[in-house]
Each structure stands twice: as structure tokens, then as C-alpha cells.
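Please open the model in your viewer and keep the sequence panel beside it. The tour below goes from one selection to the next and says what is there at each stop.

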Amino acid sequence: MDQIQHKFIEVQGLKHHVAEIGSGPNVVVFLHGFPEIWYSWRHQMLAVAEAGFRALAPDFRGYGLSDPPLEPEKASFSDLIEDLAALLDAVGIDKVFLVAKDFGAFPAYSFSLLHQERVQGIVTLGIPYRPLSGPPAGYHDPLPEGFYISRWQEPGRAEADFGRLDAKTVVRNTYILFSRSEIPIAAENQEIMDIVDPSTPLPPWFTEGDLEEYGSLYRKSGFRTALQVPYR
């Protein structure tokens, strides 16, 4: 991973961390999800660089090494779309291929619609396209009250849940939950972090070294912005 370079670019009053490799004329921008950072795309960045592309992977505002907004509770997807446009302007890139996973798909879809002249192609993982108006009414109605998204949408609840643990443990538990086939749902008097048995091993594709990398960066950023965008 030593080939990947790191820079900080100031846009919209915040310093954004961007990982970069490659120097081809065509550019691929990778957009992460939760609980992720630029590091989630490290293998793909190397692959596209070897194929002749220039690869960039920013940390969204409030994630990883990027500055948090002054008021995280007011952060929105619109901020992420505007940040992406400003980042591309700052590095002089006119057109890109977008590759996004999890909630990163939302700003990728929106950017592709709002700035069609700047997008050569788009690939998304995990989140299908839906109109900008957001989820339909009653989106969560069929799911129990303990559904993790419902819990994390409640201001203060996830903060209290996460606050009992260090950042590394929160990331560890979340990856274990998200790697299962069943949806994370807590019992009525149980919090989401309590679903995970501390003796549960990490998924085989997620190493202790990976966990240390994520944990160190979430210790820096915290979870305030991450709970606002995407969950609230």
C-alpha cells in the first residue's frame, strides 16, 4: 500500500483527505460507505492504477482524516455532492468514473444526475438507485422497532450505545453484524452493540490489521458525522 499517496485538499472550508494512485488520463473516484474510509478501496485502487487509470478515494467530511463539519448534526447528502464537485475542481479533473458502495451510492447517483457532463460511468454496490426524493413513506414499517437503522436514526441513542465502547470495538462489532446474512435487529431492551458476543471472531476477510487501521481513524473522527450521514 506504500504506492498510494495521500494529500489534503481544502474545499468548502474543510480539509479533505484524499488517497491517490496512478496517472492515467481516465480517473476513477471511489466513494466509501459506513463504517468505512478510503482504506476500504485500497485493493481496487491498486488494480485500476495497474490497468492505466488514475484512482482517487476521498474520506467524506467527518470520516477518517477529513475534517468534520462545524455542526455535524446539520450535515447532509447535499454536502457530500458539493464536496465531490469542489474536490474535482481543486485537482483539475473534468470527468470521472464513479465507483461507490453502501451509502456512498447516494451521492454517486445524485452527482451523476446533477453533473452528467462530468461522469463517464458509474458502478455501485449494495444500494439500488432510487429517486432523490428519498425512501417511500413507511419504508421501515415492516421491520421491528429494534432494526439497526431505526435505532441509529434516533438522536442520542446510538451515541450512548457507541459511547460505552472504544472506537475499535464499535467498528469490530459493526463489521461482524454487517457480515451476517440476517438483518441486525435488537430486542426491546437491548442495544445494537449488545447483539454481538465479544467472543465472535472477525469475518475471515477482515484482519486484525484492518481493524486497527479503521479503529485508529474512527478514534480520530468519532461517529457524530457518520451517524448523521447516512442515517439521519
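Begin by selecting helix H7, residues 208–221, where Asp 210, Leu 211, Tyr 214, Gly 215, Leu 217, Tyr 218 and Ser 221 are buried (buried means under 20% relative accessible area, exposed over 50%, and partly exposed in between, with a 1.4 Å probe and protein chains only). Helices (H or I, at least four residues) and strands (E, at least two) are DSSP runs, numbered from the N terminus. This is a predicted model, in which local features need pLDDT of at least 70 and side-chain atom pairs count only at pLDDT 80 or more, while totals for chains, interfaces and linings use all residues. Residues are numbered from 1 along each chain as its sequence is written, and side-chain values use heavy atoms, with hydrogens and water left out.

An α-helix has 3.6 residues a turn, so residues three or four places apart point the same way. H7 has 14 residues and reaches 20 Å from its first C-alpha to its last, close to the 20 Å expected at 1.5 Å a residue, the expected span being 1.5 Å times one less than the number of residues. At the start of H7, look for Thr 207, a side-chain oxygen of which reaches to within 3.3 Å of the backbone nitrogen of Gly 209; just after the helix, Gly 222 takes a positive phi of about 70°.

Next, select Phe 34, which at 2% relative accessibility counts as buried, and show Trp 152, with which Phe 34 forms an edge-to-face aromatic pair, 5.9 Å centre to centre and with 80° between the planes. Rings of Phe, Tyr and Trp (its six-membered ring) pair if their centres lie within 6.5 Å, and planes under 30 degrees apart count as stacked, over 60 as edge-to-face and the rest as tilted. The two residues are 118 apart in the chain, with Phe 34 in the loop between strand S3 (27–31) and helix H1 (42–50) and Trp 152 in helix H4 (residues 148–153). Phe 34 also pairs with Tyr 231, and because the ring centres are 5.7 Å apart with the planes at 90°, this pair is edge-to-face too. Tyr 231 lies in the segment after helix H8 (224–228), 197 residues from Phe 34.

For the next stop, turn to charged side chains. Glu 20 forms a salt bridge with Arg 54, the closest N and O atoms being 2.6 Å apart (a salt bridge is a side-chain nitrogen of Lys or Arg within 4 Å of a carboxyl oxygen of Asp or Glu). Glu 20 is in strand S2 (residues 14–21) and Arg 54 in strand S4 (residues 54–58), 34 residues apart.

Finally, select Arg 151 in helix H4 and Glu 191 in the loop between H6 and H7, 40 residues apart, whose closest N and O atoms are 3.8 Å apart in a salt bridge. Arg 151 counts as buried at 1% relative accessibility, whereas Glu 191 counts as partly exposed at 21%. Which residues do salt bridges with shared partners join into one network? They are Glu 145, Arg 151, Glu 154, Arg 157 and Glu 191.

Note on methods: A polar contact is a pair of N or O atoms within 3.5 Å; within protein, one must be able to donate a hydrogen and the other to accept it, and residues adjacent in sequence count only if both atoms are side-chain atoms.
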